[in-house]
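Here is a short tour of a single protein chain, meant to be read with the model open beside it.

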Amino acid sequence: MRRPIWAVTSSRCSRSRASRSASQIRAFGCSSFPAEEIVEAHHVAERRGLGRFRTEQPPYSLLARGIEASVLPVCQRLGMGVMTWSPLASGFLSGKFRKGEHVDLSTGRAALTPGRFDPAIAANAAKFEAVERLVELAEDIGCSLPELAVAFTVAHPGVTSVIIGPRTMSQLDDLLKGASLTLDDATLDRIDEIVPPGTNVYQPDGAWRPSALGDTARRRRPLADRAAG
């Protein structure tokens, strides 16, 4: 999955500089970095006179707005472009998955990650509830759910472009309509009521877990040092 798999080091930046000097690349970026690592990478490059990240590529959708809290503001301050991915929330905003309807977990995206689509899993209940309210909103303004999903992502001033992944021409047509759809403030306010700014209804990049959470030794003092006294 798109996650940072190495520490931000000068050797990485040096190799990127060497590649640029050899005319192999013109610019480089990162994908799904948390804000603190973007800042750290920027300062490493600045201190050592090396090339810096020019873009960040995070997941962003109506159901996954977490990057609004810090990643997008940081990228705006550092002058970085942002190319978001998964505007349909791995297909959950395609309109195929509705509350109370049968979900076929044997085909498509649902077969790849059934845990994200199975309505029997309690953690998915909030996604199904949000989708119903978003479908109602889309109908009220005369568009499809995928159109609303794409229009929402391009409305943020910190987003440079949106990566889409249609499999058919009809899907492409739907997504392109969304790119040209302008959402007014009233519509964006209604979206904020359904999914508050800066929050995630689900974890959009669940295949990666910060080492600070996975490694118990990094979040627990030695037994002898745990008492305040």
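Helix α2 covers residues 35–48, and its 14 residues should span 20 Å at 1.5 Å a residue; the end C-alpha atoms are 20 Å apart, which agrees. Please keep in mind that this is a predicted model. Which residues of α2 are buried? They are Ala35, Ile38, Ala41, His42, Val44 and Ala45. An α-helix has 3.6 residues a turn, so residues three or four places apart point the same way. Just after α2, Gly49 adopts a positive phi of about 65 degrees.

Stepping back to the whole chain, you will find nine helices and four strands. Starting at the N terminus, the elements follow the order α-β-α-β-α-β-α-α-α-β-α-α-α. The chain has 229 residues, and 39% of them are buried. Among contacts with a separation of 6 or more, 77% join residues 24 or more positions apart.

Now for the largest pocket, whose volume is about 900 Å³. It is lined by 34 residues, and those closest to its centre are Leu88, Ser90, Gly91, Arg109 and Gly165. Two or more lining residues come from each of the elements α4 (108–112) and α7 (169–179). By residue class, the lining of the largest pocket holds 16 nonpolar, eleven polar and seven charged residues.

Two other residues are worth a visit, and the table sets their accessibility side by side.

| Residue | Relative accessible area | Class |
|---|---|---|
| Asn124 | 4% | buried |
| Asp140 | 49% | partly exposed |

Asn124 sits in the loop between α4 and α5 (125–141). Why does Asn124 count as buried? Its relative accessible area is 4%, and the cut-off for buried is under 20%. A polar atom of the Asn124 side chain lies 3.0 Å from the backbone oxygen of Gly115. Leaving aside residues up to four places away in sequence, Asn124 touches Gly115, Arg116, Phe117 and Asp118.

Asp140, for its part, belongs to helix α5. With a relative accessible area of 49%, Asp140 is partly exposed, because the exposed class begins over 50%. Where does the chain bring Asp140 and Thr187 in relation to each other? These two residues are 47 residues apart along the chain, and their C-alpha atoms are separated by 9.6 Å.

Definitions and conventions
Residues numbered from 1 in each chain as written. Predicted model: local features only at pLDDT ≥ 70, side-chain atom pairs only at ≥ 80, totals over all residues. Heavy atoms only, no water. 1 Å grid on protein atoms, 1.4 Å probe; cavity = no way out; pocket = protein on both sides within 12 Å on 5 of 7 lines; lining within 4 Å. Points joined across faces, edges and corners; volume = space filled by probe spheres on them. Nonpolar A, V, L, I, M, F, W, Y, C, P; charged D, E, K, R; others polar. Buried < 20%, exposed > 50% of the residue type's maximum accessible area, 1.4 Å probe, protein only. Polar contact = N/O pair within 3.5 Å; in protein donor to acceptor, adjacent residues only side chain to side chain. Contact = heavy atoms within 4.5 Å. Expected span 1.5 Å × (residues − 1).
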